[in-house]
Amino acid sequence: MGRVFSCGYDDVMTASGSPKNDGLIARWRLNTILSTAPSAVIMTTLRATGWGVAAAIAIAVSVASWPVRADEASGCQNPPAQRALDTNWPINIGQLAQQLVAYRCTDYMKDVAAAVAQADDWVRQRAPQVDNAAVVLDIDETSLSNWEAIYHDHFAYFADGSCDLGAKIACGWRDWFLSARAIALSPTLDFFRMVKTLSDRNGGKVAVFFVTGRRDEPGMRAATEDNLRKQGYDGWERLYLRPTASPGFVSGYKTDIRKDIEQNYKIIANLGDQYSDLIGDPGNDHAEKCFKLPNPFYFLPPDLPAAGLKCLSR
Ligand SMILES: [Mg+2]
């Protein structure tokens, strides 16, 4: 039998102002599940209901080796069957989590690939038309997958503490990040490598910037760079980490970074798994086009504005 975990993320906790508000954080996560639009049956079912959520997840899962392919990811050797959930009642959070594992092991990578393919088409077309073209990539669940930690922690989040995936205790995400063991999302890695082959209108290489909400604390930059390089990413223009003192939603920080990039570049594409990666100022997303990757596993506010985003609709 699994354990009962509290939930939370650094950025979520900053945004909430209530680091211990597990119910709110869980609701954010499950609102993401309800609002994200991958193709799995579970997502259609979930979107048809509205309900409150419990503040904890308890599921029995086991830990396995590092994934390279989807079927090698933890939980995917013998994944739960995909099934529709009973929407006559508030969805059982244990069954919901099982369906997220099923999704991860089936349609998730296809949905990531489909989103990245749209960016691929656009960047190939647009880069030769502009001077000083740039592409912005988020890292977690966009360029690198933290699935092993997500699965081990049963979709909960623990900022602190050690991370031993072979132990039946929670994995702390700071330690997880510092271990540099996240796995490349292969569609994004292929996209990164493709972008590096492109030239813009003035014949220069298209610059790739990583903009992450990971905090710029001791060891994090080196570990993140090490993780990216070990997974095949190399030759980026600059890696931005969020200052430890940066307050508020992560979207504000990321918008400021894109403004900084725009001092010297034209951002033709911005890719992220959260809307907070893509949201800019009202009327200016600070990217010509943006591309949302699926992530039903956790949610960082803010959500998609009611008016949508211009960068998504072009
Ligand atoms: Mg991310």
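Trainee: Hi! Is His-286 buried or exposed?

Mentor: Good place to start. His-286 counts as buried, because it has 22 C-beta neighbours inside 10 Å, and 20 or more is enough for that label. Keep in mind that this is a predicted model.

Trainee: Where does His-286 sit in the chain?

Mentor: His-286 lies in the loop between helix H11 (275–278) and S7. Its backbone is worth a look too: phi of His-286 is near 55°, a positive value in a residue other than glycine.

Trainee: Why point that out?

Mentor: Most residues other than glycine have a negative phi. Glu-141 is another residue to look at here, with a positive phi near 65°.

Trainee: And where is Glu-141?

Mentor: You'll find Glu-141 in the loop between S1 and strand S2 (144–145). Glu-141 is buried, because 24 other C-beta atoms lie within 10 Å.

Trainee: What about the peptide bonds, which one is cis?

Mentor: Look at Pro-301 and Pro-302, which are joined by a cis peptide bond with omega at about 5°. Pro-302 belongs to the loop between S7 and helix H12 (310–313). For background, most peptide bonds are trans.

Trainee: Let me zoom out. How many helices and strands does the protein chain have?

Mentor: Twelve helices and seven strands. The protein chain has 314 residues, and 47% of them are buried.

Trainee: S7 keeps coming up. What order do the strands take in its sheet?

Mentor: The order is S5-S4-S1-S6-S7, in an open sheet of five strands with parallel pairing.

Trainee: How many bridges join S6 to S7?

Mentor: Four bridges join strand S6 (residues 266–272) to S7, and the two run parallel. Within that pairing, Leu-271 stands opposite Phe-291 in S7.

Trainee: Which way do the residues of S7 point?

Mentor: Lys-289 and Phe-291 point one way from strand S7 (residues 289–292), while Cys-290 and Lys-292 point the other way. All of them are buried.

Trainee: And what does S6 do with S1?

Mentor: Strand S1 (residues 133–137) pairs with S6 in the parallel sense, over five bridges. Ala-133 has Lys-266 in S6 as its bridge partner.

Trainee: Which helices lie across these strands?

Mentor: Helix H9 (residues 220–230) lies across strand S4 (207–215) and S5, and runs at about 135° to S5. Helix H10 (residues 250–261) lies across S1, S4, S5 and S6, running at about 155° to S4.

Trainee: How do H5 and H8 pack against each other?

Mentor: Helix H5 (residues 108–126) and helix H8 (residues 186–195) pack at an angle of about 10°, with axes 9 Å apart. That angle makes H5 roughly parallel to H8, because angles under 35 degrees count that way.

Trainee: Which residues make the contact?

Mentor: From H5, they are Val-112, Ala-113, Val-116, Ala-119, Asp-120 and Val-123, and from H8, Pro-187, Thr-188, Phe-191, Met-194 and Val-195. Sorted by class, the contact has nine nonpolar, one polar and one charged residues.

Trainee: Last topic, the core. How many residues does the largest nonpolar core have?

Mentor: It has 74 residues, and those with the most contacts inside it are Ala-134, Val-135, Val-136 and Phe-209. Helix H4 (residues 93–105) gives the most to this core, with seven residues.

Trainee: What is Ala-134 in contact with?

Mentor: Beyond its neighbours within four places in sequence, Ala-134 is in contact with residues including Val-206, Phe-209, Ile-261, Tyr-265 and Ile-268. Across the protein chain, 72% of the contacts with a separation of 6 or more are between residues 24 or more positions apart.

Conventions: Residues are numbered from 1 along each chain as its sequence is written. This is a predicted model: local features need pLDDT of at least 70, side-chain atom pairs count only at pLDDT 80 or more; totals for chains, interfaces and linings use all residues. Axes are lines fitted to C-alpha atoms, for helices over the stretch in contact, and angles run from 0 to 180 degrees between N-to-C directions. Angles under 35 degrees count as roughly parallel, over 145 as roughly antiparallel, 65 to 115 as roughly perpendicular and the rest as oblique. Two residues are in contact if their C-beta atoms, placed from the backbone, lie within 7 Å. Ala, Val, Leu, Ile, Met, Phe, Trp, Tyr, Cys and Pro count as nonpolar, Asp, Glu, Lys and Arg as charged, and the others, Gly among them, as polar. A residue is buried if 20 or more other C-beta atoms lie within 10 Å of its own, exposed if 12 or fewer, and partly exposed in between; C-beta atoms are placed from the backbone. Two strands pair if DSSP finds at least two bridges between them. A nonpolar core is a set of buried Ala, Val, Leu, Ile, Met, Phe, Trp, Tyr and Cys residues joined through C-beta atoms within 7 Å.
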